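Q: Could we work through this model together, taking one feature at a time and asking how each should be read?
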Amino acid sequence: MFESATDAYRSTVENELPDFSEHQRFGFMAATALSFVRPVYHTAKLFADQDELNDWRWLVADALVATTDALDGETARWFDAKTELGGILDQLIGDKLSFIPAELDLVRRGRMNVGHVAVRMARDAWVTAKRDEVYTKSAGAVDISALPFDEAWHNRDWPALIFNGKFTTADRLTTNTFLASPLAAKMPTAARETIATATTVHLVGSGIRNLREYSAALANWREDNEFASSAMSANNADL
């Protein structure tokens, strides 16, 4: 992911932004800023008083901040300002890194067991490392983007729907927002643990599916390359 992020930054700065209009540049900057809202907000919450966080106003704030997960991408589309760098920032900053302070805050407040955070962080790191490996070995030729939700829905591909990246992110956001709410504070610990466990299992399942898809995509790319090389060698021999 980090190597692909470097390549995306170079491509965006050198190839995409120079051709952008002022309108598109504004959209790019707005979408980029939205990607950083969640990690900054949840990091600030780590230092807030625990009693104050039980106020319902924090639940409203949490819900509003959660919407930025969709708003950054939508903003880029509205302004026709989608870039390679924006896609990487959305995945790495807006999704992966923003969950770390949010879930550490839940642990601090006794709303989630630290084991869930460890498993989720390991899952995210493993998937990210595999994506980076596929990107590096294929020199960016293999498409490692998730299957679009609307395409999975149209094909009634239920496993793809259940483990779709957007759906699992929405599940994680919803669960974390609920567990941080005043309502969850009044629930038995076992009930909160059951909710957190369901989401963790969902995330692990989606991670395993992603790893298999990445490995299959890399294997298919290698097979196609070998076939192309063999065909080229045969043509050269005929000449």
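Q: Is Lys166 buried or exposed, and what is its relative accessible area?
A: This is a predicted model, so each reading below concerns computed coordinates. Exposure is read from relative accessible area, and a residue counts as exposed when that value is over 50%. Lys166 has a relative accessible area of 60%, and is therefore exposed.

Q: Which elements make up the secondary structure of the protein chain?
A: The protein chain has eleven helices and zero strands, so that the order from the N terminus on reads α-α-α-α-α-α-α-α-α-α-α. Of its 239 residues, 39% count as buried. A further reading comes from sequence separation: among contacts between residues at least 6 apart in sequence, 78% join residues at least 24 apart.

Q: Where is Thr12 found, and is it buried or exposed?
A: Thr12 is found in helix α1, residues 2-16. Burial is the opposite end of the scale used above, with a cut-off of under 20% relative accessible area. Because its relative accessible area is 0%, Thr12 is buried. When its neighbours within four places in sequence are left aside, Thr12 is in contact with Leu17, Pro18, Phe28, Thr83, Glu84 and Leu85.

Q: How are α2 and α5 packed, in terms of angle and axes?
A: A helix pair is read from the separation of the axes and from the angle between their N-to-C directions. The axes of α2 and α5 are 7 Å apart, and the helices pack at an angle of about 15°. Angles under 35 degrees count as roughly parallel, which means that α2 is roughly parallel to α5. The crossing of these two helices is left-handed.

Q: Which residues of α2 and α5 meet?
A: On the α2 side, the residues are Phe28, Thr32, Ser35, Phe36, Arg38, Pro39, His42, Thr43 and Lys45. They meet Leu85, Leu89, Asp90, Ile93, Gly94, Asp95, Ser98, Phe99, Pro101, Ala102, Asp105 and Arg108 in α5. By class, the contact of α2 with α5 has nine nonpolar, six polar and six charged residues.

Q: At what angle do the axes of α5 and α6 cross?
A: Helix α5 (residues 84-108) and helix α6 (residues 114-137) have axes that come within 9 Å and cross at roughly 165°. Because of that angle, α5 is roughly antiparallel to α6, and α5 passes α6 in a left-handed crossing. In α5, the residues Gln91, Lys96, Ile100, Glu103, Leu104 and Val107 meet Val114, Val117, Arg120, Met121, Asp124, Thr128 and Arg131 in α6. The residues of this contact divide into six nonpolar, two polar and five charged.

Q: How many salt bridges does the count come to?
A: A salt bridge is read from the distance between a side-chain nitrogen of Lys or Arg and a carboxyl oxygen of Asp or Glu, with a cut-off of within 4 Å. By this rule the count comes to 13 salt bridges. One of them joins Asp69 and Arg38, with the closest N and O atoms 3.4 Å apart. This pair links distant parts of the chain, since Asp69 is in helix α4 (residues 68-78) and Arg38 is in helix α2 (residues 22-45), 31 residues apart. With a relative accessible area of 3%, Arg38 is therefore buried.

Q: Which residues are joined with Glu103 into one network of salt bridges?
A: The side chains of Glu103 and Arg120 meet in a salt bridge at 2.9 Å, N to O, linking helix α5 to helix α6 across 17 residues. Glu103 and Arg120 are both buried. Salt bridges that share partners join Glu103, Arg120, Arg123, Asp124 and Arg172 into one network.

Q: What is the phi value of Asp80, and where is its place?
A: The phi of Asp80 is near 55°, a positive value in a residue other than glycine. Asp80 is placed in the loop between α4 and α5, and its relative accessible area of 55% means that Asp80 is exposed.

Notes. Residues are numbered from 1 along each chain as its sequence is written. This is a predicted model: local features need pLDDT of at least 70, side-chain atom pairs count only at pLDDT 80 or more; totals for chains, interfaces and linings use all residues. Side-chain values use heavy atoms; hydrogens and water are left out. Axes are lines fitted to C-alpha atoms, for helices over the stretch in contact, and angles run from 0 to 180 degrees between N-to-C directions. Helices (H or I, at least four residues) and strands (E, at least two) are DSSP runs, numbered from the N terminus. Angles under 35 degrees count as roughly parallel, over 145 as roughly antiparallel, 65 to 115 as roughly perpendicular and the rest as oblique. A crossing is left-handed if the near helix is turned anticlockwise from the far one by less than a right angle, and right-handed if clockwise. Contact means heavy atoms within 4.5 Å. Ala, Val, Leu, Ile, Met, Phe, Trp, Tyr, Cys and Pro count as nonpolar, Asp, Glu, Lys and Arg as charged, and the others, Gly among them, as polar. Buried means under 20% relative accessible area, exposed over 50%, partly exposed in between (1.4 Å probe, protein chains only).
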